[in-house]
Every structure is written in C-alpha cells, then in structure tokens.
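Good morning, and thank you for coming.

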Amino acid sequence: MGSYRLCLCFTRKFKVKEAEPPEDVKQAFEKYADGGATMSAEQLRRFLEEVQGEGGASVADAQRVVDQVLQKRHHIAKFARHALTLDDFHRFLFSADLNPPIGSEVHQDMTAPLSHYFIYTSHNSYLTGNQLSSDCSDVPIIKALKRGVRVVELDIWPNSAKDDVHVLHGRTLTTPVELIKCLKSIKENAFATSPYPVIITLEDHLTSMLQSKVAQMVTEIFGDMLYYPEAELKEFLSPEDLKYRIIISTKPPKEYLEAKSIKESSHLEKKDSEDDIWGNDPLDVSLTQQDDDKNEGETNEHSHEAEESDDCETESCQPGGPTYKRLIAIHAGKPKGGLKEALKVEIDKVRRLSLSEQALEKATESHATDVVRFTQKNFLRVYPKGTRFNSSNYKPLVGWMHGAQMVAFNMQGYGRFLWLMHGMFRANGGCGYVKKPDFLMRVGPDNQVFDPKAKLDVKKTLKVRVYMGDGWHLDFTQTHFDLYSPPDFYARVGIAGVPADTVMKQTKKIEDDWTPVWNQEFSFPLTVPELALLRVVVHEYDMSDKDDFAGQTCLPVSELKSGIRAIPLHDRKGEKFNSARLLMRFDFV
C-alpha cells in the first residue's frame with residue numbers, strides 16, 4: 001500500500017497490485033496444460049518448442065525450469081507438486097534469468113581473421129569524466145574490460161621529469177595516471193569477462209628512450225600473454241587463435257618521424273589528429289590536411305628528441321628482447337595522399353586506419369564502397385569528434401554499415417548512442433567480438449561489394465507485442481516519479497539500424513499504476529535485420545515538466561529469441577535494474 005499526500009489533511013492510498021497474467025499467457029497455459037490446473041514438465045517442453053522456438057529443449061530441461069520456479073517462488077526445500085500453476089507459469093515467463101530475450105553463449109564462428117568482426121572499442125579509456133579536466137585512472141579501464149570491451153586506448157606522454165611514462169589526455173587539465181598502473185590493471189582484468197584478445201591502442205608522444213622503457217614494461221608485465229609476430233602480418237589471425245593474448249597497435253616509430261616532417265613542412269599547427277577538438281573541424285577528406293589518425297599514436301606532433309629509424313638502435317634492442325617496433329602487431333598509419341590512397345587495399349599487407357566521425361561521414365558520401373572494401377581486410381577505427389568535451393558519443397551505425405570494426409566510444413558517458421553500443425555487444429554472448437554480416441564481406445564476380453546507399457527490399461518483419469511492466473516499485477522510492485500519485489508509464493519501442501529501418505513507436509499512457517498493462521503490438525519491416533537493434537525506453541508522463549526516465553534496453557534483432565520473453569531494463573549508464581522489466585513477445589514473419 002502506498003500513500004500520497006495531496007494537502008495537509010488529505011492523503012490518497014494506492015495498493016501496488018500483483019501483476020495479472022496477460023490474456024496471451026492465460027491462453028497459452030490453457031492450451032499446453034490441456035485445460036488442467038497445472039502444467040507438467042512435458043507440457044512445458046511442448047510450449048518451449050512450439051511457442052518459444054527452443055527446438056532442442058528436453059523434458060529434463062523443462063523439469064529444471066519447473067524446479068527453479070517453484071524453489072524461487074515458494075522458498076521451500078521440498079514441495080509436493082512438480083508442476084506449474086498459471087501464476088507460476090506467468091512468473092517463469094516474467095523472469096529475466098529463466099526466460100531471457102537473447103542467449104548468453106558465444107555461438108558465432110570465431111576462426112575468421114580479426115578484421116571480420118565488429119570489436120567493442122573504447123575511446124580515451126582512462127578518463128573518468130569529461131575530456132578536458134577529469135581525472136585519469138585505471139578504474140574506467142577495469143570497468144570497460146569487465147563490461148566486455150576488447151580495445152583499450154592509452155595516450156602516453158613523458159612525465160614532468162622526462163624519465164617515466166604517464167597516461168593522460170595531452171594539452172588538457174586532466175590529471176595523469178602512471179602507465180605501469182594501467183598495464184597491470186589490464187593484465188589483471190583483461191579476460192574477466194571474455195577470453196578473446198584485448199588490443200591496446202597507443203597514442204604515443206614519447207622519446208625513443210621512453211619508447212624503450214615502454215617496450216620493457218609491456219614485455220615484463222604481459223610476458224607470454226603478449227602477441228607480436230616475427231614479421232609484419234599479411235592477414236590478421238582469428239579471435240580463437242589469439243585467446244588470452246594482448247595485442248599492441250600503434251604507428252611504427254619511423255612513420256612518426258615522417259609524419260613530423262610533413263607537419264613541419266606544411267606548417268600545420270595541430271596537436272594530433274584530434275585537432276578538431278581544439279581547432280577547426282576538418283573540412284575536407286584529404287588525410288594530410290585533417291590528421292584523422294588521432295588515436296593509437298597517429299599523431300603529427302610526436303616529440304622525438306633523437307633521430308630514430310627502423311633499425312635496432314634503442315636500449316629496447318637487448319639480446320632476446322623485442323624492439324618497440326616489433327611489439328606492434330597491428331600497424332597504424334596513413335599512406336601519403338588523399339582518402340582514395342588511404343583506402344587502397346594492399347595484397348601482402350594489413351593495417352589500421354583511423355577517421356573521425358565527421359571524416360567517416362564525408363568519406364562515405366563519395367567513397368562508400370571503397371570503405372567497405374577496405375574493411376574486408378584492414379581495420380578502420382572511428383573516433384568521436386573533438387568538440388565532444390562532455391564525453392558524448394555519435395551514431396555508431398554509420399561505421400557498422402560500412403564495415404568499421406572499431407567504432408570507438410566514450411564509455412564513461414551515457415545517452416542513447418552508448419545504449420546502442422551496449423546493445424550491439426550483447427550479441428555473441430557478450431564476448432566483445434561480433435561477426436560482421438556476410439553481405440559486408442562478400443565480393444561479387446565483378447569485384448563489387450555491398451553498397452550502403454543502395455535501396456534494399458524488406459527481408460523480414462519483426463512483430464513486437466508489449467504486454468506489461470513490473471518491478472519499478474522495488475527499484476525506486478514511492479515518490480520518485482510523482483509526489484502525489486503512482487506513475488503514469490508509457491513505452492517507446494523502435495529500431496536503430498540503416499536509415500530505411502530506423503523508427504520509434506509509442507504505447508498508450510497507463511495512469512496511476514506501478515504495474516502498467518499496455519498489450520500493444522508493433523510491426524517493423526527490416527531491410528538489413530543483421531544490423532538492426534531493438535530499442536525500448538520507458539518514460540513516466542509528467543504534465544508540468546519533462547517526462548521522467550524509467551529504464552531502457554537495446555537488443556540485437558539478429559539474436560532475439562521468439563516467443564514471450566522477459567526484458568530487463570537498465571539505467572541511463574547501462575547498469576541493469578534489480579527488478580524493473582517488461583514482458584514482451586517477438587515474432588518474425
């Protein structure tokens with residue numbers, strides 16, 4: 001029972017009622033229980049197979065579900081019956097643990113080259129807040145790794161005494177953290193959530209002496225975990241081949257000097273490829289003009305204090321010890337010339353290119369198929385534009401549509417674009433690697449590749465029924481949404497995907513109810529279901545102010561299980577609520 005004060009002498013009382021099963025649930029129970037009062041394990045198995053699409057479910061599997069539901073609901077060690085009542089059946093369907101919307105196991109082929117996967121990628125991974133004045137720490141790195149992130153970015157700079165290496169966002173007020181602390185934290189947490197390789201991208205601003213120190217640190221800390229090939233790679237290895245390995249990616253030292261020389265000769269006064277942070281946005285897609293190689297040390301102003309070449313001249317070249325350059329398994333860098341040259345695919349060489357979000361959008365205007373062809377073999381990393389001082393993010397679908405493997409995001413922020421990122425990487429068991437759709441890797445007889453601009457036919461239609469919601473009264477205080485009455489919830493449901501598929505729809509508003517029942521169905525025709533993400537956001541209607549946020553989730557459409565499912569909701573930062581959830585149904589036609 002909840003009480004809401006209307007004035008000094010009058011209160012309204014509302015009871016938080018138990019959610020009743022929707023009509024579809026009642027009908028399913030009646031059908032599969034053969035009109036009886038309880039549903040046996042065999043009857044549940046039939047339901048799981050015919051309605052939920054779980055063809056491999058056995059009677060033993062169904063019996064385990066029955067036992068778990070009875071144990072959870074009735075809290076007794078021994079119970080006389082081994083069957084579900086209608087209420088038990090409803091509670092099973094409404095349990096996100098027992099009846100989730102997507103699977104939790106790695107199920108995709110993990111033996112293709114790394115370039116065949118979208119990879120969970122963070123930007124300026126060490127920042128705790130905004131891009132200008134927040135602290136640098138290993139804590140956000142640890143959090144990202146535990147969430148499943150597989151690409152970590154470190155900006156490495158000399159300390160004030162020039163005798164050690166710090167991680168910080170250069171030329172800002174961010175406070176530094178020691179590189180060695182970050183490396184140790186990466187080692188300890190790299191595989192807490194996923195066994196697949198972690199790639200460390202370095203934005204390197206070091207002298208050759210400090211590069212040697214980094215080489216020594218990296219080899220001592222990671223030891224046999226560190227992967228570095230004997231020769232430059234002609235094709236990337238697979239995630240399966242590189243399980244439990246750490247990979248370094250940055251620009252080889254010699255190329256830093258060449259970049260510096262170009263910078264000095266052209267009088268460019270940019271700090272690095274993220275100059276658009278502190279200067280003008282890039283207006284043109286010529287890579288020599290816009291420095292789009294910001295991340296991972298692709299910088300034009302690299303403060304070498306001594307000449308450096310590809311030869312073994314630094315103290316890291318001790319007998320048996322790899323040089324700094326040899327530690328770089330994935331070479332970053334840009335060829336001389338414009339974008340067309342940068343996107344050139346070389347037969348015997350693989351590399352990584354970085355573009356800002358604006359540069360990618362400009363590139364895709366005239367070179368969309370070139371970008372797709374480049375990403376079939378090479379890495380493309382996309383990073384936020386420099387004016388995102390508040391650590392906001394951008395539309396990830398532009399990169400994914402064109403095959404970009406590393407769409408780098410500020411993980412410490414929040415907002416709908418970060419929700420999309422979380423949603424994409426819930427796929428494939430949350431391991432941080434999601435296999436790119438076949439159409440992005442396909443090459444036709446005339447060397448043609450997927451054209452993201454082409455108009456496509458609808459492949460399938462997703463039907464979504466939003467039955468009801470529950471659990472907010474356990475996660476929020478009684479007056480969190482409204483001081484004077486229970487909440488007025490409504491849900492927004494839609495698709496984030498290619499432009500032709502993107503849409504949002506809305507349920508009716510249910511007034512004064514902690515357990516709203518909407519029972520509304522929506523249809524979503526999909527031209528590219530492989531890249532589609534189901535978005536769900538719940539709001540509480542506020543007549544006098546902005547509607548309150550009440551939870552969200554984002555799920556890969558390609559992974560959705562058919563049938564009636566429990567959908568757990570998350571807060572703005574992507575953390576799952578303890579109880580708030582929706583009951584929904586998914587059907588593909």
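Predicted model: local features only at pLDDT ≥ 70, side-chain atom pairs only at ≥ 80, totals over all residues.

Residues are numbered from 1 along each chain as its sequence is written, and side-chain values use heavy atoms, with hydrogens and water left out.

The protein chain contains 15 helices and 22 strands. Helices here are DSSP runs of H or I with at least four residues, strands are runs of E with at least two, and both are numbered from the N terminus. Of the 589 residues in the chain, 58% are buried. Buried means under 20% relative accessible area, exposed means over 50%, and partly exposed lies in between, with a 1.4 Å probe and protein chains only. Among contacts with a separation of 6 or more, 73% join residues 24 or more positions apart; a contact means heavy atoms within 4.5 Å.

Let us turn to the helices. Helix α6, residues 179-189, packs against helix α7, residues 208-222, at an angle of about 25°, and their axes are 10 Å apart. That makes α6 roughly parallel to α7, a term for angles under 35 degrees, whereas over 145 is roughly antiparallel, 65 to 115 roughly perpendicular and the rest oblique. The axes are lines fitted to C-alpha atoms, for helices over the stretch in contact, and the angles run from 0 to 180 degrees between N-to-C directions. On the α6 side, the contact includes Leu-179, Ile-180 and Leu-183, and on the α7 side it includes Val-214, Met-217 and Phe-222. The residues of this contact divide into nine nonpolar, no polar and two charged. Nonpolar covers Ala, Val, Leu, Ile, Met, Phe, Trp, Tyr, Cys and Pro; charged covers Asp, Glu, Lys and Arg; the others, Gly among them, are polar.

How do α5 and α6 lie relative to each other? The axes of α5, residues 139-147, and α6 come within 10 Å and cross at roughly 20°, and the two helices are therefore roughly parallel. Here Ile-141, Ile-142, Leu-145 and Lys-146 of α5 meet Cys-182, Ser-185, Ile-186 and Asn-189 of α6. This contact has five nonpolar residues, two polar and one charged.

A disulfide is a covalent bond between the sulfur atoms of two cysteines. The rule used here asks for a pair of cysteine sulfur atoms within 2.5 Å, and the count comes to zero. For Cys-182, the closest cysteine sulfur is in Cys-136, 8.3 Å away, which is too far for a bond. Cys-182 is buried, with a relative accessible area of 0%.

Finally, two single residues. Gly-403 lies in the loop between α12 (397-401) and β13 (406-409), and Gly-403 is buried at 1% relative accessible area. Which residues does Gly-403 contact, leaving aside neighbours within four places in sequence? They are Phe-118, Thr-375, Lys-436 and Leu-440. Lys-436 is 33 residues from Gly-403 in sequence, and their C-alpha atoms are 7.3 Å apart.

Ser-579 is found in strand β22, residues 576-588, and counts as buried at 17% relative accessibility. With neighbours within four places in sequence left aside, Ser-579 is in contact with Asp-470, Gly-471, Leu-474 and Asp-475.
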